[in-house]
Amino acid sequence: MQARRWLRRALAAAASVPLIAACEFSGPQSALDPAGPVAQAQKDLFLWTFWLSWPVMIGVFGALAYALWRFRARGNAKELPHQTHGNLRLEVAWTVIPVILVILVAVPTVRTIFSTEQRVTPGPDDLVVHATGYQWWFKFEYTDLGFTTANELIVPVGTRVVMSLDSADVLHAFWVPNLAGKRDMIPNQDNQIWFTADRAGTYFGQCAELCLGAHAYMRFRVIAMERDDYQRWVTAFQDAGRRTVAADPLVERGRALTAQKGCVACHTIEGFGPVAVGNADFPDLTNFGLRTTVGAAIADNTPENLAAWLRDPQAMKPGNYMPTLWSADDPNRDAEIDAIVAYLLSLGRDSAAGASLSLGDAHGRP
Amino acid sequence: MAVRKVTMPAPAGPGAAVFARPTAERGLLSWLTTVDHKRLGLLYIFTSFAFMAAASVEAFLIRLQLAAPGNTLLSPEVYNQMFTMHGVTMVFLAIMPLGIGFANYFVPLQIGARDLAFPRLNAFGYWVYAAGGLFLYTSFFLGSPPDVGWVAYAPLTSLSNNPGNGTDFYMIGLLVGGIGTLVTAMNLIVTVISMRAPGMTMMRVPVFTWMMLVTSFLIIFAFPPLTIALFQVIMDRTFGTLFYVPAAGALPILWQHLFWIFGHPEVYIIILPAFGVISEVIPTFSRKPLFGYPVVILSGIFIGFMGFAVWSHHMFTTGLGPVVNTAFALTSFVIGIPTGIKVFNWLGTIWGGQVRFTVAMHYAIAFLITFTIGGITGIMLAVPPFTAQAHDTYFVVAHFHYVMGGGALLAFFAGLYYWFPKMSGKLMDERLGKWAFWFLVPGLHLIFFPQHVAGLMGMPRRTQTFVEGVGLELPNLISTSGTFVMLVGLVLLAANILHGLLRGKPAGNDPWDARTLEWATTSPPPHHDFDRQPVVNDRDAHWVQKYPESVHGERVPENASEPYDRHGIHMPGQSIYPFFLALALLVFSYALLFHNWWVLGLSVALMFFFTYLWAFEGVGGRHLKVPGAPARAKGARS
């Protein structure tokens, strides 16, 4: 039978889909690989509904398959099947079954809503961060510590991070699957999300609310560090304004070029020089050498990637607002970019935190 | 059959016809002026299939773009336009009108009526829908298609964030298209309430008609909030009001509330007719009455009511707080109960029957399986802490394609195979139909099942690319390969429709040994639907005529012998004004879009003018005498 054979093939293909997919569920952006209590509770609840769905599916599909086979027409069409119109007891039974199932889901759901989504007042032990979504990057203000980063949120392991969320333009969403789930960033609305990282590592985040343009490239990272590393990192930021640039002619030329090319008209760099520079509505580049990524977490922060980013930001991240500063036939382009790269990567690397840069990679990056 | 026409004498005095109403029976003019519910039903079905083809092309491009990370087939701008138009088209121009098209054709037939209550209004509804769809699709040539997603969240739609005219096409197109849907809903309600055949009590109304009645009420209550929201954005963009301008202190969340107070009932506006179709197909091919008819009806009504109480489950991540999230989680769970009851009742219908595996039944079974999976993921998504992860990811995309594509669309395909013989008088090829089915349905699962995994692995929706190395490549590749499988199925389905129309075997009146009144008349039915007024004495009105031993109530309907149609069958007159009025509305839409106030004023004047002519074009119509209409065949079996 042609149809039977196809059916068997289709079933085999369908069965292999979950098998293939089941190979690898962990990863730095997976909701099924929690690294903190909030994401753990979210995953547990998913798994509870997932396992509850199996008896439902087996029951319904089993009954369906059995009924279709048992009551298939067998050339006995002359005899009408019993024209039953219903059965009250059965109706009551299959009303009660979904009610019970729903209660089984509802009780842990309500409990988890209140244990993970309740608005909290940050205490002295919490890390308070104000996050703002921009087209197409994230600003993280460490309000109690007095400094700002862009697209990389460094947090200490075991400390509750309480974040207030805001948006400067359209809707965005703050989403870190391994740690917190997501919450929308809405203009004129004070939203909150909080989470704790249980283990050190790099966790990927991404904007989850359509914001046009470079929405697909609006990424960020949460890097959870052990307490000592985190403290060194904080100190590096708090001291950034007091440090001077390394005495390297290339770096010094790069510093001059960032002023000359207009970089600092937008970007803040603490310790840039005698004058305060930048605009709070653009990504803060303080201690850029300590960053792990460029372009809102779309590429690793290597000299090559940084140079490529400066040379043609639209090629790496189509639609973003970073201007292309050199025309393609500018003879000084490569030399100037090299100098700026040297300057930017030197920022913060002379500090003690520079040594711990690779600690964030415990989770593995692609 | 021989039908003698009797022209009605024109009444004298102020009610006299100003213009003669058109009477063309063939050619273009007959279609532009038709008020026949069957012709309009066919127009709806044909138009929605045309839009479905366009939406399928858009979906195909989306999947090609996502075959691998970093693909550059579509730019972000074009990609945004594609998924926006795909969603808008499928929801507003394809699946919802397909249900309305079936309703247009079969609601009057199922209740033994000869047309809808307001035939010209029905024509107007169709032409406005067609105008709205045409308007939206001309955005490809007259500017840019909308690119803000089918939900068009503020403030992405404000002029400063979205200076192109795509958003205007979306807002005005939906506003205009909504008028057509609204008038059709009112028409269906009046028809079902007041035009049922003698003996057809509400508890004898076929389930498809019942579900269309519930759907029509949903439309009437759901579209006004959408209209308000659309109007606000149009005002913002056209006249500089500040409803959704955050810089002026606006709270953009308002749009989401208004949109989803419409949007969630809209989901049931799409799925309830599908439930109705399934409730016709499964009993017919199991040769048993629908199990638990009153429970199925009441579940449908309950789902309709509850549909208005769950909208915030689309907004679990907007920070409404734990109390609101709890409330809407609970109402969403509750809505799963009547849905589950319906599935059990369909199982109960199959149980103990004689199941014939026609193509229509294949699709009904595929619906049961796919919709159950979609229902289960729906319950999962009603869990706010899980939605904190799954919201705006491919898990949601997978879920709503399982319930809208796998649920509503498969049910409508079942309806297409089931009703095609009635509409065309010809049979579709069962063998070819099964081939199409075995590509289409596995293809659908191949596309959408892996998307659950992609969502859980961290893939947000509405992005034209995805990050490498976190496990998203494989599910996306499988998903894209599935589109080719499903495409083969869709092409075979289209081929089968053509084959059926051109070479199909004659169907006869009742090829499926079916149960409801539409099978009591010829295929296709005559213009006046029934030669004799059907009189109903049981829920399965046609079935008990064939099998009197299974009758539920009295054997002979008590009012069967009354002299119906003594003066002939009244046929409503045709009219061109519904078409003209819709045309004026189309001109109005473009004038509003391009800020051409002179043309706008002219179009408004035209609308008044055509409405006036509509009102005073005279009674029209005629009375048909059907000579020697056969006496009711007692106990005749087809």
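Tutor: A helix here is a DSSP run of H or I of at least four residues, and a strand is a run of E of at least two, each numbered from the N terminus. The model is predicted.

Student: What share of chain A is buried?

Tutor: A residue is buried if 20 or more other C-beta atoms lie within 10 Å of its own. Chain A has 366 residues, and the share of them that counts as buried is 43%.

Student: Is strand 6 of chain A enclosed or open?

Tutor: Take strand 6 of chain A, residues 172-176, face by face. One side carries A:H172, A:F174 and A:V176, the other A:A173 and A:W175, and all are buried. That is five of five residues, so the rest of the structure leaves strand 6 of chain A largely enclosed.

Student: Which strands stand at the edges of the open three-stranded sheet of chain A?

Tutor: The strand order is 4-10-9, with mixed pairing.

Student: What is the bridge partner of A:G205 in strand 10 of chain A?

Tutor: Strand 9 of chain A pairs with strand 10 (residues 219-225) of chain A. The pairing is antiparallel, over six bridges. In strand 10 of chain A, the partner of A:G205 is A:F220.

Student: At what angle does helix 4 of chain A run to strand 4 of chain A?

Tutor: Helix 4 of chain A spans residues 227-238. It lies across strand 4 and strand 10 of chain A. Its angle to strand 4 of chain A is about 130 degrees.

Student: Which helix gives the largest share of the side of chain B that touches chain A?

Tutor: The contact takes 87 residues from chain B and 86 from chain A. On the chain B side, the elements giving two or more residues include helix 3 (76-110), helix 13 (430-456) and helix 14 (473-503). By class, that side has 50 nonpolar, 29 polar and eight charged residues. The largest share, 15 residues, comes from helix 9 of chain B.

Student: Are helix 7 and helix 9 of chain B roughly parallel or antiparallel?

Tutor: The axes of helix 7 (residues 253-286) and helix 9 (residues 322-350) of chain B come within 9 Å and cross at roughly 15 degrees. The crossing is right-handed. Residues meeting there include B:F275 and B:I278 from helix 7 and B:W346 from helix 9 of chain B. Angles under 35 degrees count as roughly parallel, so helix 7 and helix 9 of chain B are roughly parallel.

Student: How many charged residues has the contact of helix 10 with helix 13 of chain B?

Tutor: The axes of these two helices of chain B come within 10 Å and cross at roughly 10 degrees. That makes helix 10 of chain B roughly parallel to helix 13 of chain B. Among the residues that meet are B:Y363 in helix 10 and B:F437 in helix 13 of chain B. The contact has five nonpolar and four polar residues, and the charged ones number two.

Key
Residues numbered from 1 in each chain as written. Chains lettered and ligands numbered in written order. Predicted model: local features only at pLDDT ≥ 70, side-chain atom pairs only at ≥ 80, totals over all residues. Axes fitted to C-alpha atoms, helices over the stretch in contact; angles between N-to-C directions. Parallel < 35°, antiparallel > 145°, perpendicular 65-115°, else oblique. Left-handed = near helix turned anticlockwise from the far one by under 90°. Contact = placed C-beta atoms within 7 Å. Pairing = 2+ DSSP bridges. Nonpolar A, V, L, I, M, F, W, Y, C, P; charged D, E, K, R; others polar. Buried ≥ 20, exposed ≤ 12 C-beta atoms within 10 Å, placed from the backbone.
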